[in-house]
Amino acid sequence: MCRVVLMNKQGEKEIEKTYGLDKYLKYLEKQLGGHGNGFALLKNKNVIKLEKGVNLDVRDIANIIRKTSYDWCVFHTRLASIGKKSDENCHPFEKDDFVLAMNGTEKSVSFVSEIKEITDTEAILDIINTYHFGLTALRHFNSIFMGFYKGKPFVVADNVSSIQVLRNKKTKALVFASEFPPKFRSNIYETTDCFIWNGGRLPNTLEKYKARFYPKRIVRKLGTDWGYPELYGQCYMNEIEELGDETCGI
């Protein structure tokens with residue numbers, strides 16, 4: 001599992017105003033990342049910058065993003081699952097028409113990863129390019145994919161519990177992200193169904209996000225039995241802990 005963000009320039013400004021861009025990227029890194037960071041910028045349908053590395057600091061990334069004129073940005077912080085911790089295995093990956101970043105683990109391609117000594121994300125990208133598949137091929141996996149395809153931003157979301165959307169119609173800010181901190185209380189939406197977005201109109205599966213709260217005993221069980229408490233995102237774990245064993249409904 002990792003953390004990934006796709007945003008336009010207006011979305012960056014919304015994050016900066018609400019939380020601070022470098023602080024937000026650091027927040028994502030602390031949640032489920034820290035094994036390497038990377039980002040890519042798209043301007044006028046061309047990738048104008050792509051950097052990644054194990055020691056690439058989110059503060060440096062934030063400074064570059066702020067100072068650069070771009071249309072779309074994809075950011076990824078890695079929590080290594082398949083593939084060693086290395087600069088080459090950091091996201092995003094670029095090949096032909098694709099710039100790809102993924103949140104998830106795809107064991108179905110692990111044999112390709114092991115043979116070629118690459119990540120599952122890069123293995124998927126290799127398969128797609130070898131057989132000239134498009135975005136729809138990503139729907140056959142269970143992860144969240146973000147990036148650029150043929151000069152346009154895209155999101156392929158099969159696992160809808162791992163994605164949220166910041167949308168401000170007035171400023172035209174748009175951010176697809178694994179999660180947002182609790183301070184983002186307005187303009188946050190979640191999806192009710194799987195979708196593919198490749199620019200243009202947003203999917204009609206969005207609804208206003210509402211924080212789900214669970215008793216401490218449930219959170220404890222999720223953390224010990226399921227590996228990590230991410231039923232509706234870790235961004236509300238602080239509130240859950242403060243509530244103790246009381247439950248707040250929707």
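Begin at the largest pocket, which has a volume of about 160 Å³; a pocket here is an open set of points on a 1 Å grid over the protein atoms alone, where a 1.4 Å probe fits, with protein on both sides within 12 Å along at least five of seven lines, and lining residues have an atom within 4 Å of a point. The volume is the space filled by probe spheres set on the points, which are joined across faces, edges and corners. The model is predicted, so local features need pLDDT of at least 70 and side-chain atom pairs count only at pLDDT 80 or more, while totals for chains, interfaces and linings use all residues. Residues are numbered from 1 along each chain as its sequence is written, and side-chain values use heavy atoms, with hydrogens and water left out.

Select the lining next: Trp-72, Arg-167, Asn-168, Lys-169, Lys-172, Ala-173, Leu-174, Trp-197, Gly-200, Arg-201 and Leu-202.

Then move to Arg-3, which is found in strand 1 (residues 3–8). Arg-3 is buried, with a relative accessible area of 2%, where buried means under 20% with a 1.4 Å probe and protein chains only. Its side chain makes a polar contact with the side chain of Glu-179 at 2.7 Å; such a contact is a pair of N or O atoms within 3.5 Å, one able to donate a hydrogen and the other to accept it, and residues adjacent in sequence count only if both atoms are side-chain atoms.

Now display the largest nonpolar core, of 27 residues, in which Val-5, Met-7, Tyr-24, Leu-25, Ile-65, Val-175 and Phe-180 touch the most other members; a nonpolar core is a set of buried Ala, Val, Leu, Ile, Met, Phe, Trp, Tyr and Cys residues joined through side-chain atoms within 4.5 Å. Helix 2 gives the most to this core, with 5 residues. Apart from this core lies another, of 21 residues, including Ile-144, Phe-148, Val-155 and Ile-163.

Finish at helix 1 (residues 9–18), in which Lys-9, Gly-11, Glu-12, Glu-14 and Ile-15 are buried. These buried residues pack against strand 1, helix 2, helix 3, strand 9 and strand 10, contact meaning heavy atoms within 4.5 Å. After helix 1 comes Gly-20, whose phi is positive, near 100°.

Technical notes. Helix = DSSP H or I, 4+ residues; strand = E, 2+ residues; numbered from the N terminus. Buried < 20%, exposed > 50% of the residue type's maximum accessible area, 1.4 Å probe, protein only.
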